[in-house]
Amino acid sequence: MADSLPLDRLARLDNYGHSLTSTAYLYRPTRAEQVAELFALARERGMSIALRGGGRSYGDAALNAGQVVVDFRRMNRILEWNPESGVIRLEPGVTIEQLWQHTLEDGWWSPVVPGTMFPTLGGCLGANVHGKNNWKAGTLGEHVLAFTALLPNGEQITCTPDENADLFYAMIGGMGVLGVFTSITLQMKPVYSGELDVQAWTEPNLGGILEALEAGKDNDYNVAWVDCIAGGRGLGRGQMHVADYPALGDDPLAQQTLLVDNQVLPDTFFGLVPKSILWKFMRPFLNNPGVRLVNTARYLMSRTLGNNKRYRQSLIAFNFLLDYVPNWEFSYGSGGLIQFQCFLPKENALDGYGEMLRLCKRRRQPSYLGVMKRHRPDPFLLSHALDGFSLAMDFKVTRRNRARLQKLAYELAEIGEAVGGRFYFAKDSTLQAGQVARYLGEDTVKRFKALKARVDPEGLLQSDLYRRWFGEPG
């Protein structure tokens, strides 16, 4: 029984937004053999195991209430690196930060990164993360040459796009419920500078943002900040950023800008205020009037002082905005935040996102941060991607509004479903089983469950997210 596990293994875990928390038996293996032993332990005790990397999911993907959670951050060795070909093989606990610090000075950069450098590669592949360059580069999984995995049934396999292809395209994006990555072989991207050429400008409404993202498909990166509080003719207004890699020879200081020491984010803001305490100053503004004031000021300043601004920015500063203010998520208060991200086909994006923003305003629960990107389809089984756009919205959670937020998220998902929308499990904490089944489609769910039954017939790998997706008991 679960109560026979050592009590000193009990740990209270939460999600990245600190809106969900649960207690589980936590293990931190250093070798794949120890993971196999944990499978045997779970089988013997009649328990389930959830996999956890950097704990950066906004939802419950790495939570497993009352059961076992396996943290992979100690399996963090870089096994092979070829600076001539840019091919790297590493363990699943290696973080994005470790990855770029190991390869950048040799002129190689991860082809896809999320908005923070602290997730593990195993977690990134489990979620099949995308970045601000999704239209150009696709998801991280599209750059994986091979991986080895340990399956709950005891089998150890190698997967490539051609070998064990069904598991290759299902484990990547499968949120850690089919097996455990034990090594990952990744093709890195050559870069000739540690900086990007960036252009920023404002757009007056949602239509302008969508048109700018569409036009920005030719750039290496394109992303938009969306003011989710503005209404009327300014509904969905915001600021665009596009960026491109400099070509060979364009950066006369490339040898310096590629140095790791020149990529580190500063510890202070304006050289004065320690960034470690900035979240405390942000907290008083994390309410409807405060965010309205900040968003209006940001938009007007960008429009008057920085419109069509061109500049060079380090790869780190451009890609990892979430790391610019340490512990920024604590500014949302004790209830934390949830994020809702919906992907809509390009032909339905204007009407669909417009309806979502207006619904949030009617419910008086606006998003305090909105980020929009352009996307393309990918070949993975549980894919969130399509030929269209995504809008990620952050919502503050309080004791009083938690139930209303759950209802709002359900309504937002219904709007998305009605126009062919898809969702991203790494950001989700609210989707219900019926919604998941409808957007994935009957055939996809059937194929996924068949793979699950084949590689994990005893249901050892589960998480709170998995049970919520498919409505299956722990």
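Two rings of Phe, Tyr or Trp (for Trp, the six-membered ring) form an aromatic pair if their centres lie within 6.5 Å; the pair is stacked when the planes are under 30 degrees apart, edge-to-face when over 60, and tilted otherwise. By that rule, Phe 340, Phe 423, Phe 425, Tyr 439, Phe 448, Tyr 466, Trp 469 and Phe 470 form one aromatic cluster. The model is predicted, so local features need pLDDT of at least 70 and side-chain atom pairs count only at pLDDT 80 or more, while totals for chains, interfaces and linings use all residues. Residues are numbered from 1 along each chain as its sequence is written, and side-chain values use heavy atoms, leaving out hydrogens and water.

**Aromatic pairs**

- The structure holds 23 aromatic pairs.
- One of them joins Trp 109 and Phe 320, which are tilted, with 6.2 Å centre to centre and 45 degrees between the planes.
- Trp 109 belongs to strand E7 (residues 108-109) and Phe 320 to the loop between helix H10 (315-319) and strand E18 (337-345), so this pair ties together parts 211 residues apart in sequence. Helices (H or I, at least four residues) and strands (E, at least two) are DSSP runs, numbered from the N terminus.
- Trp 109 is buried at 1% relative accessibility, and Phe 320 is buried at 0%. Buried means under 20% relative accessible area, exposed over 50%, and partly exposed in between (1.4 Å probe, protein chains only).
- Phe 147 and Phe 168 form a stacked pair, 5.6 Å centre to centre with 10 degrees between the planes.
- Phe 147 is in strand E8 (residues 144-150) and Phe 168 in helix H5 (residues 165-171), so the pair ties together parts 21 residues apart in sequence.
- Phe 147 is buried at 1% relative accessibility; Phe 168 is buried, with a relative accessible area of 1%.

**Charges over rings**

- A charge sits over a ring if NZ of Lys or CZ of Arg is within 6 Å of the ring centre and within 35 degrees of the ring normal.
- The charged end of Arg 237 sits over the ring of Tyr 299, 4.5 Å from its centre.
- Tyr 466, a member of the aromatic cluster, has Lys 452 over its face, at 5.0 Å from the ring centre.

**Second largest pocket**

- A pocket is an open set of points on a 1 Å grid over the protein atoms alone, where a 1.4 Å probe fits, with protein on both sides within 12 Å along at least five of seven lines; lining residues have an atom within 4 Å of a point.
- The second largest pocket has a volume of about 500 Å³, which is the space filled by probe spheres set on the points, joined across faces, edges and corners.
- Of its 30 lining residues, the closest to the centre are Arg 56, Phe 118, Asp 323, Pro 326 and Asn 327.
- Helix H2 (residues 96-103) gives the most to this lining, with 3 residues.
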